[in-house]
Amino acid sequence: QIAKKIIDYFIDVDYKKIWNVISQYCQICLELSDYREAITVLKHAYELCDAEENPDEEDLLTIKLSLAYSYFHACDEKNALYYLALIDKRIEKIQDNDDKLFEIYNLHIILESRLGKIENAKQYFNKICELKITERDFLTAVLNYTSGLIQDKKTDDAMFYMMKFKERFEKEYSNHEAYLATFYSNLAIVYADKDDFQQALAYDQKAYDIRKQVLGTYSKDMAITYISLAEDCLQFNRNDEAKECIIKAEEICKAIFENEDNELYQKVLHAKYVLGI
């Protein structure tokens, strides 16, 4: 609320002076799954920057990157790809900035995986391996690449990377639990693929406990966890619990998405149909 008041008061006066506040505010919005608010503020900043007589290329690139990530989190891959394509046209301008290159390559891993282009994702992961970045950033790339492998049904490869870096993940993300929850959620998917539903349920429960504590009730990741828990419950014929999980997932989707036209919401609606809700 404080950040929002600062932004409302100063953004039209001098958005550059408060860019750190804008950036942090939008990150909080993403963590709270308030995607529309993050995108609205970022687009306002983009319009102000682009309207300048001599727009700063680095500022424009930073805002475009933030918009691309925000649209991805909002399950709007079309707009995420649009802004990422604009960034790629200017990528040669930042070849000496490994931190910025990491953010660009990392988003490429995510979106290439979504498009089913896992080999392209692997190439960007290899590029990240050559950068001088923090341990946390590297492990974030591992997390996103393994998520892509899982989506591409290459669960053995995903398991190899996850078990290789499991201890490092749990150490590095002990104080940034949202990423650790995603790691556990991915492990659950891999175990379920191997028909080890007991382990899958255990890791989904770990992800749920973390997300419930850190993210609160209405978060996209909580909806994902409820769907996974519903699938686990069905394996043990706990149909009533599965139905409860899907109903909670739908409540979240109704609260955070403008419409039903995205992959996550469609999964919930399909699960409702299968369960006869």
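This note goes through a predicted model point by point, from its core to one of its pockets.

1. On how to read the values: residues are numbered from 1 along each chain as its sequence is written, and side-chain values use heavy atoms, with hydrogens and water left out. Because the model is predicted, local features need pLDDT of at least 70 and side-chain atom pairs count only at pLDDT 80 or more, while totals for chains, interfaces and linings use all residues.

2. The largest nonpolar core has 98 residues, and among them I22 and L107 touch the most other members. Helix α4 (residues 57–73) gives the most to this core, with 9 residues. A nonpolar core here is a set of buried Ala, Val, Leu, Ile, Met, Phe, Trp, Tyr and Cys residues joined through side-chain atoms within 4.5 Å, and buried means under 20% relative accessible area, exposed over 50%, and partly exposed in between, with a 1.4 Å probe and protein chains only. Helices are DSSP runs of H or I with at least four residues, numbered from the N terminus.

3. Leaving aside residues up to four places away in sequence, L107 touches L65, A68, Y69, F72 and L84, where contact means heavy atoms within 4.5 Å. In soluble globular proteins, nonpolar side chains tend to be buried together.

4. Two further residues are worth looking up in the structure. T146, in helix α8 (residues 135–151), counts as buried because its relative accessibility is 1%, and, with residues up to four places away in sequence not counted, T146 touches A158, Y161, M162 and N186.

5. The structure holds 19 aromatic pairs, a pair being rings of Phe, Tyr and Trp (its six-membered ring) whose centres lie within 6.5 Å, with planes under 30 degrees apart counted as stacked, over 60 as edge-to-face and the rest as tilted. F169 and Y173 form a stacked pair, at 5.4 Å centre to centre and 25 degrees between the planes, and both of these residues are buried. The rings of F169 and F183 have their centres 4.4 Å apart and their planes at 20 degrees, so this pair is stacked. Since F169 lies in helix α9 (residues 155–172) and F183 in helix α10 (residues 177–193), the pair ties together parts that are 14 residues apart in sequence. One aromatic cluster is formed by F169, Y173, Y179, F183, Y184, Y191 and Y203.

6. The second largest pocket has a volume of about 300 Å³. A pocket is an open set of points, on a 1 Å grid over the protein atoms alone, where a 1.4 Å probe fits, with protein on both sides within 12 Å along at least five of seven lines; lining residues have an atom within 4 Å of a point. A volume is the space filled by probe spheres set on the points. Of the 13 lining residues, R36, A74, D76, F257 and E258 lie nearest the centre of this pocket, and helix α3 (residues 35–50) gives the most to the lining, with 3 residues.

7. Lastly, D261 is placed in the loop between α13 (239–256) and α14 (263–275), and D261 counts as exposed because its relative accessibility is 68%. D261 and D76 are 185 residues apart in sequence and 9.5 Å apart in space, C-alpha to C-alpha.

Definitions and conventions:
Helix = DSSP H or I, 4+ residues; strand = E, 2+ residues; numbered from the N terminus.
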